[in-house]
Amino acid sequence: MKKDYKLPSLDDARKRNRELSQKLSFKLDDKYKDIGKGKKYFIITHGCQANQRDSETMAGILDTLGYESCDSEKKADVIIINTCAVRKGAEDKVLGEVGALKRLKYNKPDLIICLAGCMAQEEETVKIIMEKYRQVDIIFGTHNITSLPKLLYEVYTTKQRKIEVYSKMGDIVESVPVTRFMSHKAWVNIMYGCDKFCTYCIVPYTRGKERSRYKEDIIYEVEELVRQGYKEVCLLGQNVNAYGKDLSLDYTFGNLLNDVAATGIARIRFVTSHPWDFDDTMIQAIKNNPNIMPYIHLPIQSGNTEILKKMNRRYTREEYLSLFDKLKKELPGFAFTTDIIVGFPNESDEAFEDTLSAVEHCQFDNAFTFIYSPREGTPAAKFEDKIDRKTKEERLQRLNERVAYYANLNNQKFKDKVVEVLVDGLSKRNSNVYSGYTPENKLVNFTGNNVKTGDLVKVRITEVMSFSLNGELVE
Ligand code: 5AD
Ligand code: SF4
């Protein structure tokens with residue numbers, strides 16, 4: 001059967017050139033204004049911070065069109081599922097969710113269901129959705145968020161399903177509306193895409209090439225956030241150390257950190273740092289600015305040089321450990337977290353032991369640990385893998401035990417100490433308790449009165465667990 005839609009292509013998405021990415025400015029065509037009047041939307045977000053920020057852009061665009069947000073799928077006229085493709089588990093969850101929406105659509109035929117994010121960039125996924133999940137009306141990719149008004153308009157006027165997914169390197173679009181989901185902490189994109197092509201990872205294909213926003217646009221955004229009363233910004237990029245390289249302006253991430261710190265925002269965080277190119281300008285900037293938080297996320301992925309090479313991580317075990325030791329020495333009191341993949345194709349027992357011994361060496365404050373998940377279109381998906389699932393699960397469990405041990409050990413330092421907490425609000429688990437984070441990014445649950453979201457308060461830590469701290473407000 002001939003397809004009347006264009007599928008995304010991972011082959012095209014792999015291409016890279018040295019050209020500077022185009023900077024565009026978002027404009028809303030008059031004919032789309034008010035198409036959302038009287039209608040409600042609901043956005044479900046999966047995956048990383050980049051997706052959280054993209055969902056805020058989608059919300060901003062929908063608000064501009066006159067839609068109103070609502071708090072459940074059932075009340076919505078438009079549902080967007082913003083998806084993650086990093087592991088198969090995340091994808092299966094989304095397909096389950098889309099499946100469950102079928103009944104809702106049956107009872108409410110005017111409901112518009114949209115699939116967005118990284119899964120939309122995968123040709124196989126789009127084929128499956130088009131053939132088996134007919135309840136989905138719109139599929140739009142990570143490069144096509146600003147087409148949302150046009151796509152909605154077309155579905156209303158033609159009653160046809162619409163796909164718009166570009167498999168291209170990507171542009172930089174400024175002046176796009178945004179409705180932030182929090183009033184005290186904000187995500188700020190500093191760059192998009194990734195050129196590292198770690199062999200297991202789908203992100204360079206789904207999010208295009210590494211491209212930096214101009215520093216003026218970033219600083220202006222942070223200054224605006226300060227004016228609006230925001231207390232924290234988190235600078236986002238798949239690999240923030242590469243900031244500015246594509247612009248060739250002799251202005252790197254270290255320079256940007258200094259300029260963002262000069263805005264006076266109370267707290268600055270950044271994710272993710274690749275161990276590659278964690279340079280001295282960065283370290284100096286982090287040291288010199290007290291509003292840059294004492295927390296660094298530095299993914300190791302594996303502690304074995306051979307596996308790291310197969311992963312195309314561009315560093316050896318020794319290089320990672322020596323960078324880690326240098327950071328630990330230069331930045332005392334900082335918390336360090338990491339990402340680790342176990343069960344990469346043909347990971348031997350010895351290779352896994354190397355990962356464990358790297359964990360013993362670094363004693364991370366926390367680690368996000370994953371079993372390798374083959375991603376179609378990536379080089380590692382074709383690697384031979386003789387390791388069975390059970391072995392991988394046992395390795396994950398052994399690793400998690402050591403991670404929890406060191407997480408707990410690191411947290412012991414905080415027992416009976418008074419820490420500063422930026423309050424997120426009432427705890428999700430217990431409505432008599434507030435929660436927030438310390439500068440080191442430790443989750444604190446505490447009791448107290450007259451506290452509100454966005455307050456910076458002092459809390460005495462009374463109890464220490466592996467992944468959170470309990471305490472009481474210091475009056
Ligand atoms: N399988 C398992 N984990 C993965 N990650 C990325 N791709 C995969 C994959 N195919 C992990 C890495 C990365 C984190 C965001 O997700 O550890 O740092
Ligand atoms: Fe994926 Fe590697 Fe890029 Fe991170 S640096 S997004 S793991 S390819």
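Ground rules. I worked on a predicted model, where local features need pLDDT of at least 70, side-chain atom pairs count only at pLDDT 80 or more, and totals for chains, interfaces and linings use all residues. Residues are numbered from 1 along each chain as its sequence is written, chains are lettered from A and ligands numbered from 1 in the order written, and side-chain values use heavy atoms, without hydrogens and water.

Strand S4. I took helices (H or I, at least four residues) and strands (E, at least two) as DSSP runs, numbered from the N terminus. Is S4 (residues 78–83) buried or exposed? Six of its six residues are buried, so S4 is largely enclosed by the rest of the structure. Buried means under 20% relative accessible area (1.4 Å probe, protein chains only). Val 78, Ile 80 and Asn 82 point one way, Ile 79, Ile 81 and Thr 83 the other. In a regular strand, side chains alternate between the two faces of the sheet.

Neighbours. Strands pair if DSSP finds at least two bridges between them. S2 (residues 40–45) runs parallel to S4, with five bridges. Ile 43 has Ile 80 as its bridge partner in S4. S5 (residues 112–117) is also parallel to S4, joined by six bridges. I found Val 78 opposite Ile 112 in S5. From S4 the chain passes through H3 (residues 88–107) to S5, a right-handed β-α-β crossover. Right-handed means that, with the strands pointing away from the viewer, the path from the first strand over the helix to the second runs clockwise.

S15 (residues 335–342), H12 (residues 349–362) and S16 (residues 366–371) form a right-handed β-α-β unit. Thr 338 stands opposite Ala 367 in S16.

Ligand 2. I listed the residues near ligand 2 (a heavy atom within 4 Å); among them are Cys 194, His 274 and Arg 313.

Technical notes
Buried means under 20% relative accessible area, exposed over 50%, partly exposed in between (1.4 Å probe, protein chains only).
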